[in-house]
Amino acid sequence: MSTPLTVLSDDEQLFRDSCRSFAEDRIKPLVHKMDEEAKLDKGIIPELFDLGLMGIHIPEDLGGASGSFFMSVLAVEEISRVDASFGVFIDVQNTLVNNAIMRWANDDQKKNYLPRLARDLVGAYALSEAGSGSDAFALACRAADRGDHFILNGRKLWITNALEAGVFIVFANLNPDEGYKGITAFLVESDFPGFAVGKKEDKLGIRASSTCELILEDCRVPKGNVLGEPGKGYKIAIETLNEGRIGIGAQMVGIAQGSWEHGAAYAKERKAFGKPLSDFQAIQFQLAETATQIEAARLMVYNAARLKDAKQDFLKEAAMQSISRRR
Ligand SMILES: Cc1cc2nc3c(=O)[nH]c(=O)nc-3n(C[C@H](O)[C@H](O)[C@H](O)COP(=O)(O)OP(=O)(O)OC[C@H]3O[C@@H](n4cnc5c(N)ncnc54)[C@H](O)[C@@H]3O)c2cc1C
């Protein structure tokens, strides 16, 4: 018998409940302060690692929790319901960085990075630049082969987790004559010579999440730190984003659910004309309409994630859920 999309297995249910309790008990009391100070509370980060939320679908023999991609989606939704900044923090780690390394890294790179990413290493994904956002292949960051190492030069912009990360997947063009087929992905550690984190954006939303510029000035990257093959960066970038898009959908569903719950609670608490706002049918219609939209978006996100876990085509569904979340 087929299982309805929103029915969780025992493991998924247990996992979602533990994410929810952690978000409510540990993160919620800090949200206002973190937003005001535009800074993540550093004390929460080791707890996220201890709970296994930074390596959800990394295999157990590499130090992870051996969960599914769908479980990453559940975690992102639950954390975002309470705090969108920590929501995007774990989202980038799981659905972009860990995901790309699990799929494209060689065995040595997997053994080197995945256990650390599950234990205490924060990751970031550095594709965008000032002149290259939606048009990602127009990136101006350059790489040069210097025999036993590469030299990277250029700037990246709006990089999530930049302040907390110890490893960055950086996309640079190694052979501009080949156009986008020169784009190569590099694993760059924050203490590599020539690497620096620049200005942090002062944002209107997800203020506690760090979104920064990266500066690469003759940044020296060991030969063994190409992720996948040279010239395959465009494929890695696009295919990782196709999957990461599902995580962004989960963030939006979590944020919408959290907002809805605040609104519904307030409508019950606030009285006007002698009764709670929630007794007025105009308010009930609004709550019903938004609850329906959130449930529709959740179904699309869950379906895309479950299709990916089932190794079935999910591109169209991932793109559709990303359109629906803008509504
Ligand atoms: C909070 C935040 C965190 C981020 N984190 C990361 C990160 O971790 N790593 C990373 O690499 N990047 C990150 N980014 C960058 C993000 O990926 C880019 O903002 C995104 O790719 C859009 O690029 P852009 O901002 O340059 O907008 P543009 O590409 O310049 O788009 C501007 C407008 O034009 C529209 N547009 C673009 N192309 C078309 C088209 N063909 N037809 C019609 N309309 C079009 C867009 O919809 C948009 O409204 C982050 C951005 C933000 C805001």
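Biologist: Does Asp202 count as buried or exposed?
Modeller: This is a predicted model, in which local features need pLDDT of at least 70 and side-chain atom pairs pLDDT 80 or more, while totals for chains, interfaces and linings use all residues. Residues are numbered from 1 along each chain as its sequence is written, and side-chain values use heavy atoms, without hydrogens and water. Relative accessible area decides the matter (buried under 20%, exposed over 50%, partly exposed in between, with a 1.4 Å probe and protein chains only). At 65% relative accessibility, Asp202 counts as exposed.

Biologist: With which residue does Asp202 form a salt bridge?
Modeller: A salt bridge requires a side-chain nitrogen of Lys or Arg within 4 Å of a carboxyl oxygen of Asp or Glu. For Asp202, the closest N and O atoms of the pair are 2.8 Å apart. The partner of Asp202 is therefore Arg207.

Biologist: How many salt bridges are there by this rule?
Modeller: Some of the salt bridges are joined in a network that includes Arg20, Glu24, Lys28 and Glu78. Arg81 and Glu261 also belong to that network. The count of salt bridges by this rule is 23.

Biologist: In which helix do Lys33 and Glu37 both lie?
Modeller: Their side chains meet in a salt bridge with an N to O distance of 3.7 Å, and Glu37, at 43% relative accessibility, counts as partly exposed. Helices (H or I, at least four residues) and strands (E, at least two) are DSSP runs, numbered from the N terminus. Lys33 and Glu37 are four residues apart, about one turn of the helix, and the element, residues 31-37, is α2.

Biologist: How many residues apart are Glu217 and Arg155?
Modeller: Glu217 and Arg155 form a salt bridge in which the closest N and O atoms are 3.9 Å apart. The pair links distant parts of the chain, with Glu217 in strand β7 (residues 211-222) and Arg155 in strand β3. Their separation in residues is 62.

Biologist: Which category of accessibility applies to Arg155?
Modeller: Its salt-bridge partner Glu217 counts as exposed, because its relative accessibility is 52%. For Arg155 the relative accessibility is 44%, so this residue counts as partly exposed.

Biologist: Which element gives the most to the lining of the largest pocket?
Modeller: A pocket is an open set of points on a 1 Å grid over the protein atoms alone where a 1.4 Å probe fits, with protein on both sides within 12 Å along at least five of seven lines; lining residues have an atom within 4 Å of a point. The largest pocket is lined by 26 residues, of which Leu96, Ser128, Trp158, Leu241 and Ile248 lie nearest its centre. Two or more lining residues come from each of α5 (84-104), β3 (149-160) and α7. The element that gives the most, with five residues, is α7.

Biologist: Which element supplies the largest share of the lining of the second largest pocket?
Modeller: Thirteen residues line the second largest pocket, and Arg81, Val82, Gly258, Ser259 and His262 lie nearest its centre. At least two residues of this lining are supplied by α4 (69-82), and at least two by α7. The largest share is five residues, and the element that supplies them is α7.

Biologist: What is the relative accessible area of Ile238?
Modeller: Ile238 lies in helix α7, which spans residues 233-269. Ile238 is partly exposed, and its relative accessible area is 36%.
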